[in-house]
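Hello,

Here is the structure we spoke about, for you to look through. My notes follow below it.

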Amino acid sequence: MPADTPIIQLGHPVLRQVAQPVADIHAPAVQALIDTLIASVKEANGVGIAAPQIACSQRLFVVASRPSVRYPYAPDMAPTAMINPRVLGHGSEKVKDWEGCLSVGGLRALVPRHHRIEVEYTDRHGQCCRQVLEGFVARIFQHELDHLDGLVFLDRVEHQDDVFSEDAYQQHVAARTTA
């Protein structure tokens with residue numbers, strides 16, 4: 001897939017499908033998909049992207065947290081491909097915080113997520129990885145995992161008052177947190 005692969009938007013049927021497991025991690029097509037996701041998330045100033053967001057229904061996403069225009073306080077980490085990921089466990093604490101999505105343009109919402117999760121996934125080299133994620137990176141993982149299950153962040157919103165346009169978010173919320 002070329003690096004300029006478009007990110008599909010809400011309404012595209014692939015975003016509502018349960019993605020299929022990746023069978024051969026070492027297949028050239030899977031490795032190319034990982035490279036495409038990394039390029040796409042960087043170009044879009046995102047912090048994560050799932051294969052379904054480029055119309056590829058496979059259980060694979062990239063977490064690429066870094067400070068950006070969209071998330072100025074994001075922690076910095078190398079883009080990490082997470083193949084056939086799953087949550088093994090989570091803490092009892094849930095935190096509501098702001099999320100947006102590259103496939104749901106123009107909206108932000110307060111979304112409750114587990115603050116701490118234990119996860120397992122296979123990396124692009126075929127190694128099984130198990131780790132505990134907290135805070136913002138745990139939020140990214142849960143957001144992207146939802147994409148693999150046919151969900152978007154709006155499905156997790158508890159109240160309609162928790163949804164803002166991007167403009168209203170920037171004017172009323174982001175401005176307060178940077179002041």
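Of the 179 residues in the chain, 47% are buried, where buried means under 20% relative accessible area, exposed over 50% and partly exposed in between, with a 1.4 Å probe and protein chains only. This is a predicted model, in which local features need pLDDT of at least 70 and side-chain atom pairs count only at pLDDT 80 or more, while totals for chains, interfaces and linings use all residues. Residues are numbered from 1 along each chain as its sequence is written, and side-chain values use heavy atoms, with hydrogens and water left out.

The chain holds 3 helices and 8 strands; these are DSSP runs numbered from the N terminus, helices being H or I of at least four residues and strands E of at least two. Their order from the N terminus is α-β-β-β-β-β-β-β-α-β-α.

On overall dimensions, the C-alpha atoms fill a box of roughly 45 × 35 × 30 Å along the principal axes. The radius of gyration of the chain is 16 Å, which agrees with the value near 16 Å for a compact globule of 179 residues. That radius is taken over C-alpha atoms, and the globule rule is 2.2 Å times the number of residues to the power 0.38.

Next, the interior. A nonpolar core here is a set of buried Ala, Val, Leu, Ile, Met, Phe, Trp, Tyr and Cys residues joined through side-chain atoms within 4.5 Å. The largest one has 19 residues, and Phe61, Leu133 and Phe141 have the most contacts inside it. Two or more residues each come from strand 2 (60–63), strand 6 (116–122), strand 7 (128–134) and helix 2 (135–148). Helix 2 gives the largest share, 6 residues. Apart from this core lies another, of 18 residues, including Val22, Ile25, Leu37 and Ile49. In soluble globular proteins, nonpolar side chains tend to be buried together.

Contact means heavy atoms within 4.5 Å. Not counting residues up to four places away in sequence, Leu133 touches His115, Arg116, Ile117, Val119, Ala138 and Phe141. Met82 sits in strand 3 (residues 80–90) and counts as buried because its relative accessibility is 2%. With the same exclusion of residues up to four places away, Met82 touches Arg59, Leu60, Phe61, Val63, Tyr121, Thr122 and Phe141.

Lastly, of the contacts in the chain with a separation of 6 or more, 66% are between residues 24 or more positions apart.

Regards
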